[in-house]
Amino acid sequence: MGAPGENLKVNADRLWDSLMEMAKIGPGVAGGNNRQTVTDEDGEGRALFQSWCEAVGCTMGLDQMGNMFAEYPGTDPDALPVYVGSHLDTQPTGGKYDGVLGVLGGLEVLRTMKDLGIKTKHPIVVTNWTNEEGTRYAPAMLSSGVFAGIHTQDWAYDREDAEGLKFGDELKRIGWRGDEEVGARKMHAMFELHIEQGPILEAEGKKIGVVTHGQGLSWTQVTIEGKDAHTGSTPMKMRKNAGLGMARVLEKVDDIAWSHAPDAVGAAGHIDVYPNSRNVIPGKVVFTVDFRSPELDVIEDMEARLRVEGQKIADQMGLTISFEKVGGFDPVKFDETCVSAVRSAAERLGYSHRNLISGAGHDACWINQVAPTAMVMCPCVDGLSHNEAEDISREWAAAGADVLMHAVLETAEIVE
Ligand SMILES: [Zn+2]
């Protein structure tokens with residue numbers, strides 16, 4: 001038992017070839033992919049993945065949400081499996097690597113183990129989580145969410161796409177609704193490899209992101225009311241300009257986020273101005289402040305200060321202001337043992353690395369609620385993702401899979 005040797009690496013070319021092979025299914029219009037969840041293309045991708053897993057000697061489990069579990073046996077039949085995985089579905093104009101790298105990187109771990117005759121005490125299960133992207137069926141991470149008990153299965157089945165087709169019906173139609181009870185599996189640990197989807201690793205020339213936290217999110221919808229009036233004939237001192245009030249509040253939002261630098265962020269991406277006419281001073285604005293941080297108390301502080309500062313501004317300007325929390329989720333702190341397995345894997349392999357906070361949601365964020373979990377990230381060009389131009393290098397993909405393999409093998413305990 002122990003850690004794998006420092007020279008143990010995956011087969012970089014085979015991993016890359018499999019990524020390119022999968023990308024042929026559901027091609028996009030600009031070199032990426034359109035393999036949305038529970039479409040015929042999704043079914044085709046699943047079948048290819050299953051055939052690859054079976055060729056390695058895995059048995060495939062399928063649960064009632066269509067989550068796929070390819071199990072590679074361990075030497076101890078009583079040991080709980082170590083899970084690895086991500087998702088094969090893509091955005092409508094998605095890239096070839098978002099999600100796919102985590103699934104096929106897991107498969108490459110098994111292929112390398114088979115090549116070299118590596119055995120572990122714990123079985124290893126490579127998972128494809130259904131509907132991570134949440135574009136065709138909101139919300140994102142739907143099926144890992146049901147697995148972790150965040151959503152009920154009935155609620156998930158009833159989600160409708162733009163054409164009114166239900167998720168549960170479409171999953172059945174493509175032939176990937178299994179019998180296994182969702183969430184019944186117990187996990188020793190779970191690891192997800194994913195592209196960063198942000199610019200930090202590439203900018204700093206680091207190969208590996210050791211993901212310690214998932215960013216928490218808070219949405220507060222703010223409504224400011226003043227008085228609609230003519231932009232030409234209303235004297236400045238008689239105006240109740242809700243648009244100006246918003247501008248001042250947004251300055252504060254920026255200050256508040258900066259006060260918790262570098263991990264906290266804040267902005268308003270949704271803004272409605274009424275009546276939105278060139279010659280009318282806005283009498284009303286509605287906008288949503290998006291605050292994110294890996295620390296719950298920071299999120300709570302930012303929310304509270306928004307309300308205090310916003311109220312002050314409104315009072316000074318003779319405006320009315322109201323706040324409504326319209327969404328959010330708590331930050332994720334990944335399991336310390338799993339995170340250090342990732343970090344020591346990167347160190348053993350001699351790969352440059354840094355801690356990262358995931359700005360996006362991932363299946364691992366939900367699974368972390370039911371099992372010890374961690375994530376490995378590799379760089380992507382210009383931080384671009386959810387775009388057909390999403391790109392990574394063969395070397396980055398291989399380094400990510402190497403670290404994944406080392407962390408998984410150490411956790412699953414190599415048997416000499
Ligand atoms: Zn993803």
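**Stop one: the zinc site**

Select the zinc ion and its protein donors, His87 (NE2), Asp98 (OD) and His194 (NE2), which lie 2.0 to 2.2 Å from it. Donors here are N, O and S atoms within 2.8 Å of the metal (3.2 Å for Na, K and Ca), and water is not among the atoms, so sites may look incomplete. Before you go on: this is a predicted model, where local features need pLDDT of at least 70 and side-chain atom pairs count only at pLDDT 80 or more, while totals for chains, interfaces and linings use all residues. Residues are numbered from 1 along each chain as its sequence is written, and side-chain values use heavy atoms, with hydrogens and water left out.

Along the chain, the zinc donors follow the spacing H-x10-D-x95-H. His87 and Asp98 both lie in the loop between β3 and α3, so this pair ties together parts that are 11 residues apart in sequence. (Helices, H or I of at least four residues, and strands, E of at least two, are DSSP runs numbered from the N terminus.) Colour by accessibility and you'll find His87 buried at 0% and Asp98 buried at 4% relative accessible area. Buried means under 20%, exposed over 50% and partly exposed in between, with a 1.4 Å probe and protein chains only.

**Stop two: the aromatics**

Now show the Phe, Tyr and Trp rings: there are six aromatic pairs in the structure. Rings (for Trp, the six-membered one) pair if their centres lie within 6.5 Å; planes under 30 degrees apart count as stacked, over 60 as edge-to-face and the rest as tilted.

Pick Trp16 and Tyr97, a stacked pair at 5.7 Å centre to centre with 25° between the planes. Trp16 sits in helix α1 (residues 12–23) and Tyr97 in the loop between β3 (82–86) and α3 (100–116), so the pair ties together parts 81 residues apart in sequence. Both Trp16 and Tyr97 are buried.

Next, Phe69 and Trp129: edge-to-face, 5.8 Å centre to centre, 90° between the planes. Phe69 is in strand β2 (residues 68–72) and Trp129 in the loop between β5 (124–128) and α4 (142–147), so this pair ties together parts 60 residues apart in sequence. Phe69 is buried at 0% relative accessible area, and Trp129 is buried at 0% too.

**Stop three: charges over rings**

Which ring does the charged end of Arg111 sit over? Trp52's, 5.2 Å from its centre. Then jump to Lys284, whose charged end sits over the ring of Tyr274, 5.3 Å from its centre. The test is NZ of Lys or CZ of Arg within 6 Å of the ring centre and within 35 degrees of the ring normal.
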